[in-house]
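Thanks for coming. I will talk about packing inside this protein and then about its charged pairs. Here it is.

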Amino acid sequence: MLLFSPKFSRSTNAPYALLLPNIRSIPTMSLSSSSPSTLPLQQDSKEAQVLKYHNQTKHSFRNYARGPHGLDWANQPNPFRRFDSAPLVPLLHPPPPDQTPPPYSSVFLDLPPPKPVSKSTISQLFFDSLAISAWKTTGFSTWSLRVNPSSGNLHPTESYIIAPAIDSVSDSAFVAHYAPKEHSLEVRAEISSGFLPKFFPKDSFLIGFSSIFWREAWKYGERAFRYCNHDVGHAIAAVAMAAAELGWDVKILDGLGYEDLKKLMGLEIYPEFEIPARPVKGKFPVIEFEHPDCVLVVFPNGAGKFSVNYRELSSAISRFSELNWKGKPNVLSREHVCWDIIYRTAEAVKKPLMIEHKFSVHPFHSSKLFSENYYKGLTVSEVVRKRRSAVDMDGVHVMQRDTFYQMLLHCLPSGSQNGGKQGRQLALPFRVLSWDCEVHAVLFVHKVAGLPSGLYFLVRNEHHFDDLKKSTRSNFKWVKPDNCPVDLPLYELTSGDFQDLAKRVSCHQDIASDGCFSLGMVAHFERTLRNKSAWMYPRLFWETGVLGQVLYLEAHAVGISATGIGCYFDDAVHELLGLTGSSFQSLYHFTVGSPVLDKRIMSLPAYPGPAIDS
């Protein structure tokens, strides 16, 4: 369906505000379906299932993706997974620093010397990445916030550590589940002391992530699969940033397959289930299973290059099925709604073992820094633990142009290239990812001093530049703005007041127009799926989550705030840019500005928290 009047062509010079239909907002979470897939792929292929899901879960001006008519508060999922009867090992809170921690801005220039793996440093890693950051209370409601953000604060992401023996944690190498409410490790199994040293450098360990789709689907219905993968990306970046403060590098082990991850994290405990033919409501505790997403290797900065033999690693992991796994997962809800398309898509994106996948640790690339003064001398820990998702922006604050440029420089995957092209993921935290950059950003600039309001484009992989220019409106300028750093591939497309437009394409949300700038993350979509496979679909969302995490931290480091926006009208964004087909797709929106604080809400310390699961 065309979202704009057909009398406007891609080369139109008409004001863009006129291109949006004057359609009144309809109630969120309508059960209407979205537009069908437009790509000519075989219907029985995994790629076809991914594209069916992607198109069916688009929001539009006429209807929203399918979801619940209202929130079933009696069955809101418990946000805290626990493994009953598994030994619980408390971590330190907060871990006392043994020396002056590095400033936030410094870890983008180089990683500090590595600290040894100990109870103190493991405690700090989790405390600064996946722990509770605060509790909020108002009236009769109390809820927790975490260092890693989550859509709707629902937290579908679970985390695991596979580590060598650590004094005061475990006398043996072990697999443990992280319990953020208690800031503790639930030791689920002991493993061979030779497992990690055989494949990785000394003082290395693994962090694994899994997703409980039901937690997001409870509120967001079919679109929840997207949001779960945003959250995985945020968690990946959160760990990479916390590790950087400790002098540790991080890399995804992307050659491992779904079954390897399932064994590695002890997720075979969950039974398989038959996916229904349509959405079904009832008692389905089986959908509280954890879908294994990925595993990261954390290793000391300066460990040098090393390779990973995925065939041998997979063989060693296969023996994890024989371990004595401890703990039974708790029940999260009494009743459920099974949105069948989520689980069919999860099946389609399962990655096989790829023994030919080449594991590479590239030299660290620093990001350009104008001045440390932008960041007020804050440490990594101070920035990540003060991160909050803004609910409203004040609509007044004006960002300085150099601050804007500095934030975007930290959003570049390759760091400072000195004339080279952006594309390879070499800078913090993007270097954790194993593929070249596939995600760009279209920016709605509202209030940046010295920069005309308008539509801009940050080309994060410059090898896509020609395709982007050909695919978008022919009258876009594609010129560098005034005083833009030479190595920042930022382009002005057109000038003008885009506040109303930004609001309307982001589901009519004021927060998209009341900040200093907002943006949509546009992925190189169709060719990426064709060249790789359906398993790349969630990884595109992971990449947007990593970029979103940087935007969160940058905003807080300069004294303002930000928030991710999962609700937006997909094809309205594409039509705005002149994009047709599925070569490029918008996967995540974001806004940055000065927050409005609700004084009715009281903040409480993260630990010890109240005795509730919320």
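L443 touches F404, L408, G454, L455, Y456, F457, L458, L490, F517, S518 and L519, leaving aside residues up to four places away in sequence. A contact here is heavy atoms within 4.5 Å.

Apart from it lies another core, of 27 residues, and among its members are V442, F498, C507 and V522. By nonpolar core I mean a set of buried Ala, Val, Leu, Ile, Met, Phe, Trp, Tyr and Cys residues joined through side-chain atoms within 4.5 Å. Buried is under 20% relative accessible area, exposed is over 50%, and partly exposed is in between, with a 1.4 Å probe and protein chains only. The largest nonpolar core has 164 residues, and F195, F404 and L443 touch the most other members.

A word on what you are looking at. This is a predicted model, in which local features need pLDDT of at least 70 and side-chain atom pairs count only at pLDDT 80 or more, while totals for chains, interfaces and linings use all residues. Residues are numbered from 1 along each chain as its sequence is written, and side-chain values use heavy atoms, with hydrogens and water left out.

Now the charges. How many salt bridges does the structure hold? There are 22, counting a side-chain nitrogen of Lys or Arg within 4 Å of a carboxyl oxygen of Asp or Glu.

Take D254 and R539, whose closest N and O atoms are 3.0 Å apart in a salt bridge. D254 is in the loop between β9 (248–252) and α6 (258–264), and R539 is in helix α14 (residues 536–557), so the pair ties together parts 285 residues apart in sequence. Helices (H or I, at least four residues) and strands (E, at least two) are DSSP runs, numbered from the N terminus. D254 is buried, at 3% relative accessible area, and R539 is also buried, at 4%.

Next, E492 and K477 form a salt bridge, 3.0 Å from N to O. E492 sits in strand β18 (residues 490–495) and K477 in the loop between α11 (465–471) and β18, so this pair links parts 15 residues apart in sequence. Buried or partly exposed: which is K477? K477 is partly exposed at 42% relative accessibility, while E492 is buried at 9%.

Last pair: D598 and R600 form a salt bridge, with 2.7 Å between the closest N and O atoms. D598 is partly exposed, at 33%, and R600 is exposed, at 67%.
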